Amino acid sequence: MTISFTPSAAVDRVARTSKRPAMGPAPAGAVSLAMGEPDFDTPAPIVHAAETALRAGETHYADQNGLPRLREALAAKLSAQGVRDFGASEVLVSHGATAGLAAVITAAVGPGDRVVIPEPCYSLYADLVQLAGGEPVLVPPASDMHWDLDKLRHALVGAKMIVFSNPCNPTGIVHTQNELIALGEILKDTDTLVLSDEAYDVIVYEPTTFVSALAIESLRDRTIYCQTLSKTYAMTGWRIGYVAGPTDVIAAASRVHRTFNGSVNSSVQVAACAALETDQRIVDDMVASYRDRRDLLLDRLAAIPQVTSYDVDGTFYSFVRYNADRPSEHVTAELREAGLIVRAGAEYGPSGEGHIRLSFAADSTSIGRAADILQQYFASVAPALESSPV
Ligand SMILES: Cc1ncc(COP(=O)(O)O)c(C=O)c1O
């Protein structure tokens with residue numbers, strides 16, 4: 001007998017609204033600049049720490065909020081970074097930023113709650129808000145892809161939360177200290193929470209400097225900080241990240257986390273301790289390599305008259321505007337036919353339409369082949385752009 005199954009209303013809401021594609025491996029022979037992950041393997045000292053931990057018997061359930069030694073190390077790191085001190089109880093270790101974001105949004109957002117999401121933005125946020133029964137309020141950017149503060153001010157009235165990534169996936173822009181201060185001003189005397197996803201905080205290119213929301217006095221009591229080891233330490237497959245913030249919010253997030261997940265893998269948490277303790281030049285070397293590859297990609301894009309990229313101050317993404325009268329989902333489908341896999345700008349919000357996102361965390365040969373395909377494709381479908389947006 002076959003049973004009749006209808007997904008829950010929560011799943012149905014996400015299924016109806018989500019723009020996130022199910023990503024599989026790239027077809028043989030295709031070049032992929034689609035995935036949001038470092039192309040480096042995890043540095044050896046981190047792998048070694050996990051291996052040693054497993055052999056030493058770190059194979060049991062761990063503290064559900066995270067190993068105390070890891071949370072203490074993270075709290076010390078955050079205290080050094082911002083305008084307030086953190087204790088270990090204000091840090092929750094999660095299965096990547098994904099689960100940290102999910103725990104916080106599920107813990108804070110209920111039916112009817114409005115959550116402001118400046119777009120274009122990482123497409124997970126709206127899905128999580130939908131899952132929680134809240135209302136995602138997408139706010140378009142200014143022409144340089146930074147926040148349009150007037151639009152934000154208007155949208156934030158009565159909002160439960162604002163969530164954003166800084167540096168921004170997909171645009172590669174880095175929000176400035178002044179933007180963050182302005183946000184603090186807008187939110188003064190409200191109970192609106194700020195969920196600041198800083199997954200790419202170290203992947204920032206000179207002369208841009210990064211300022212965390214943790215360093216903004218006017219945001220100090222309302223900010224929930226979200227971080228991951230995925231990008232910084234090339235640890236996407238290990239699934240470890242964390243959130244930190246006001247005690248009551250973290251306690252609520254912890255309840256969601258232990259209900260959904262229990263504890264994070266013990267040996268992975270030991271490896272995370274090793275990542276924090278190891279010589280951080282391993283990270284600098286990876287960032288230097290991303291910078292070189294950013295320059296290579298942007299040089300090649302500059303020679304394609306039908307496209308233009310925003311300045312890439314952080315992340316390993318270039319958000320490329322194209323001059324062709326066809327939706328980004330069609331463009332990505334046609335590029336796939338031509339052997340190049342990229343992400344459609346529309347995935348990241350209405351303002352992402354007319355764009356594609358390229359990841360340059362790829363080897364230079366792949367970047368070169370991708371640029372050749374883009375050049376050929378856009379020459380065949382689009383007139384040259386007359387002016388650049390930035
Ligand atoms: C802005 C942003 N936040 C969070 C994540 C999720 O990271 P994690 O691997 O830690 O779940 C990503 C991954 O692409 C991201 O781009």
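In strand S7, Tyr-225 is the bridge partner of Ser-196. That pair belongs to a set of four bridges joining strand S6 (residues 193-197) to strand S7 (residues 223-228), and the two strands run parallel. Helices (H or I, at least four residues) and strands (E, at least two) are DSSP runs, numbered from the N terminus, and two strands pair if DSSP finds at least two bridges between them.

Before going further, a word on the source: this is a predicted model, in which local features need pLDDT of at least 70 and side-chain atom pairs count only at pLDDT 80 or more, while totals for chains, interfaces and linings use all residues. Residues are numbered from 1 along each chain as its sequence is written.

**The sheet**

Now step back to the whole sheet. Seven strands form an open sheet with mixed pairing, in the order S2-S8-S7-S6-S5-S3-S4. Strand S2 (91-94) and strand S4 (135-139) stand at the edges with a single partner strand each, so one side of each is left without a neighbour in the sheet. From one strand to the next, the twist averages 20 degrees. Helix H8 (residues 247-260) packs on this sheet, where it touches S2, S6, S7 and strand S8 (241-244), and its direction makes about 25 degrees with that of S2. Here, contact between two residues is counted if their C-beta atoms, placed from the backbone, lie within 7 Å. Axes are lines fitted to C-alpha atoms, for helices over the stretch in contact, and angles run from 0 to 180 degrees between N-to-C directions.

**A helix pair**

Helix H3 (residues 68-81) and helix H9 (residues 266-277) have axes that come within 9 Å and cross at roughly 30 degrees. On the H3 side the contact is made by Arg-69, Leu-70, Ala-73 and Lys-77, and on the H9 side by Gln-269, Ala-272, Cys-273 and Leu-276.

**Two domains**

The protein chain is divided into domain 1 (26-42 + 281-381) and domain 2 (45-277), with bounds from an automatic or database domain assignment. Their centres, taken over C-alpha atoms, are separated by 26 Å. Domain 1 brings 29 residues to the contact and domain 2 brings 31 residues. On the side of domain 1 that touches domain 2, helix H10 (281-302) and strand S10 (317-322) are the elements that give two or more residues. H10 gives the most, with six residues.

**Around the ligand**

Which of the 13 residues around the ligand come nearest? They are Gly-36, Gly-96, Thr-98, Thr-228 and Ser-230. A residue is near a molecule if its C-beta atom, placed from the backbone, lies within 6 Å of it. Helix H4 (residues 96-108) supplies the largest share of this shell, three residues. The table shows how two groups of residues divide; Ala, Val, Leu, Ile, Met, Phe, Trp, Tyr, Cys and Pro count as nonpolar, Asp, Glu, Lys and Arg as charged, and the others, Gly among them, as polar.

| Contact of H3 with H9 | five residues | one residue | two residues |

**Backbone details**

A cis peptide bond joins Glu-119 and Pro-120, with omega about 0 degrees. Pro-120 sits in the loop between strand S3 (114-118) and helix H5 (124-132). Asn-169 and Pro-170 are also joined by a cis peptide bond, with omega about 25 degrees.
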